[in-house]
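Have the structure open and follow along.

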Amino acid sequence: MLQLLDRERTVAGPRFNRWFVPPAALAVHLSIGQVYAFSVFNEPLETRFGVSATPIAIIFSISIVMLGLSAAFGGTWMERNGPRKAMALAAVCWSGGFLVGSLGIAAGQLWLVYLGYGLLGGIGLGIGYISPVSTLIKWFPDRPGLATGLAIMGFGGGALVASPLSDQLMSVFAEEPADALVPTWIFLGLSYLVLM
């Protein structure tokens, strides 16, 4: 099964249509773009943990720092191992970040949310950010602006979709948003795993 992710398996045949690649890249970036909708969870997390805004803002800060670090250091790994492995790793880390974070919320352990959404999810963000961009540029050397624009559009569009979706999920799962965090994060984590 893992051989499907090998770099050698990413060589397309002569009749492959390169326009199949942008929707896949867009799906990854739409998923990880959720990070910019994190503020939807600020108040429910403050209520759930009984803390001020600062400890909750640290979750977002860790994830953005990890985005930069994993993109910087994961780029060479991605080039060696190919985009399939990189995007699979991004999907597992990003989705796993939600699942570990939901465990932290359920257990009342903020450090687990830092570890999950912040650290693990942030690694998924960085690898998930560079993989589609790098891949699209290689598939569209004649249209690099279009290629990168499609990917970045997905990253920004992720928040556009995730913000109302998260609000809706929290209203469906419980009367109080703080009580809906765990099922919402589990639902999002599993959904992003499938989408990515």
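Trp185 has a relative accessible area of 0%, so this residue is buried (buried means under 20% relative accessible area, exposed over 50% and partly exposed in between, with a 1.4 Å probe and protein chains only). Phe41, also at 0% relative accessibility, counts as buried. Keep in mind that this is a predicted model, in which local features need pLDDT of at least 70, side-chain atom pairs count only at pLDDT 80 or more, and totals for chains, interfaces and linings use all residues. Residues are numbered from 1 along each chain as its sequence is written, and side-chain values use heavy atoms, with hydrogens and water left out.

The structure holds 17 aromatic pairs. Rings of Phe, Tyr and Trp (its six-membered ring) pair if their centres lie within 6.5 Å; planes under 30 degrees apart count as stacked, over 60 as edge-to-face and the rest as tilted. Phe41 and Trp185 form an edge-to-face pair, because their ring centres are 5.5 Å apart and their planes stand at 70 degrees. Phe41 lies in the loop between helix H1 (21-32) and helix H2 (42-49), while Trp185 sits in helix H7 (residues 177-195), so the pair ties together parts 144 residues apart in sequence. Helices here are DSSP runs (H or I, at least four residues), numbered from the N terminus.

Now look at Phe98 and Tyr192: with ring centres 5.7 Å apart and planes at 45 degrees, the pair is tilted. Phe98 belongs to helix H4 (residues 83-107) and Tyr192 to helix H7, so to speak distant parts of the chain, 94 residues apart. Both Phe98 and Tyr192 are buried. Ring pairs link these residues into a cluster whose members include Phe41, Trp94, Phe98, Trp185 and Tyr192.

What about charged side chains? The structure holds two salt bridges (a side-chain nitrogen of Lys or Arg within 4 Å of a carboxyl oxygen of Asp or Glu). In one, Lys138 meets Glu79, with the closest N and O atoms 2.5 Å apart. Glu79 is partly exposed, at 34% relative accessibility.

Finally, turn to H2 and H3, whose axes come within 9 Å. In H2, Asn42, Leu45, Glu46 and Phe49 meet Ala53, Ile56 and Ile59 of H3 (contact means heavy atoms within 4.5 Å).

How values were computed
Helix = DSSP H or I, 4+ residues; strand = E, 2+ residues; numbered from the N terminus. Axes fitted to C-alpha atoms, helices over the stretch in contact; angles between N-to-C directions.
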